[in-house]
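The following exercises concern the protein shown below. Each task is followed by a solution in steps.

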Amino acid sequence: MRVQVDPARCQGHNRCATLAPELFEVDDYGLAHALNGGVVLPGMEDKARLCVDNCPEFAISIAED
Ligand code: SF4
């Protein structure tokens, strides 16, 4: 599983990085980025889905490998 952030949608609410700092960081410009190339480590899948559901801009998507 991988996560990615659409920079055109992200508004920097920071919810993703707060919910899952293992998966996301927010840069100095307020845009979120997926860490580790977006790879979701085993056991983090539910957190990744939680972030998708909690992004108010629908900016996070998941791809299954
Ligand atoms: S929750 Fe969504 S809009 Fe907010 S920083 Fe994360 S990706 Fe961007």
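**Exercise 1. Describe the secondary structure and the overall dimensions of the protein.**

The secondary structure consists of two helices and four strands, where helices (H or I, at least four residues) and strands (E, at least two) are DSSP runs numbered from the N terminus. Read from the N terminus, the order of elements is β-α-β-β-α-β. The radius of gyration, taken over C-alpha atoms, is 10 Å, close to the 11 Å from the globule rule for 65 residues, so the protein is as compact as a globular protein of that length. The globule rule is 2.2 Å times the number of residues to the power 0.38. The C-alpha trace spans about 30 × 20 × 20 Å along its principal axes.

Two conventions apply throughout. Residues are numbered from 1 along each chain as its sequence is written. The model is predicted: local features need pLDDT of at least 70 and side-chain atom pairs count only at pLDDT 80 or more, while totals for chains, interfaces and linings use all residues.

**Exercise 2. Determine which strand pairs with strand 1, and in which sense.**

Strand 1 pairs with strand 4 in the antiparallel sense over four bridges; pairing requires that DSSP finds at least two bridges between the strands. Within this pairing, Gln-4 has Ser-61 of strand 4 as its bridge partner. In a regular strand, side chains alternate between the two faces of the sheet. In strand 1, Val-3 and Val-5 form the covered face, whereas Arg-2 and Gln-4 form the uncovered one.

**Exercise 3. Identify the residues with the most contacts inside the largest nonpolar core.**

A nonpolar core is a set of buried Ala, Val, Leu, Ile, Met, Phe, Trp, Tyr and Cys residues joined through C-beta atoms within 7 Å. A residue is buried if 20 or more other C-beta atoms lie within 10 Å of its own, exposed if 12 or fewer, and partly exposed in between, with C-beta atoms placed from the backbone. Of the 65 residues, 23% count as buried. The largest core has 15 residues, and those with the most contacts inside it are Cys-16, Leu-23, Phe-24, Cys-51 and Ile-60. Strand 1 (2–5), strand 3 (32–34) and helix 2 (45–54) each supply at least two residues of this core. Leaving aside residues up to four places away in sequence, Leu-23 touches several residues, including Val-3, Ala-34, Val-40 and Cys-51; contact here means C-beta atoms, placed from the backbone, within 7 Å.

**Exercise 4. State which residues are closest to the ligand.**

The ligand is surrounded by 14 residues, the closest being Cys-10, His-13, Cys-16, Ala-32 and Cys-55; a residue is near if its C-beta atom, placed from the backbone, lies within 6 Å. The shell divides into eight nonpolar, four polar and two charged residues. Here Ala, Val, Leu, Ile, Met, Phe, Trp, Tyr, Cys and Pro count as nonpolar, Asp, Glu, Lys and Arg as charged, and the others, Gly among them, as polar.

**Exercise 5. Where does Asn-14 lie, and is Asn-14 exposed or partly exposed?**

Most residues other than glycine have a negative phi. Asn-14 has a positive phi, near 75°, and lies in the loop between strand 1 and helix 1 (15–19). Because 14 other C-beta atoms lie within 10 Å, Asn-14 is partly exposed. Asn-36 also has a positive phi, near 55°, and is located in the loop between strand 3 and helix 2. With 11 other C-beta atoms within 10 Å, Asn-36 is exposed.

Note on methods
Two residues are in contact if their C-beta atoms, placed from the backbone, lie within 7 Å.
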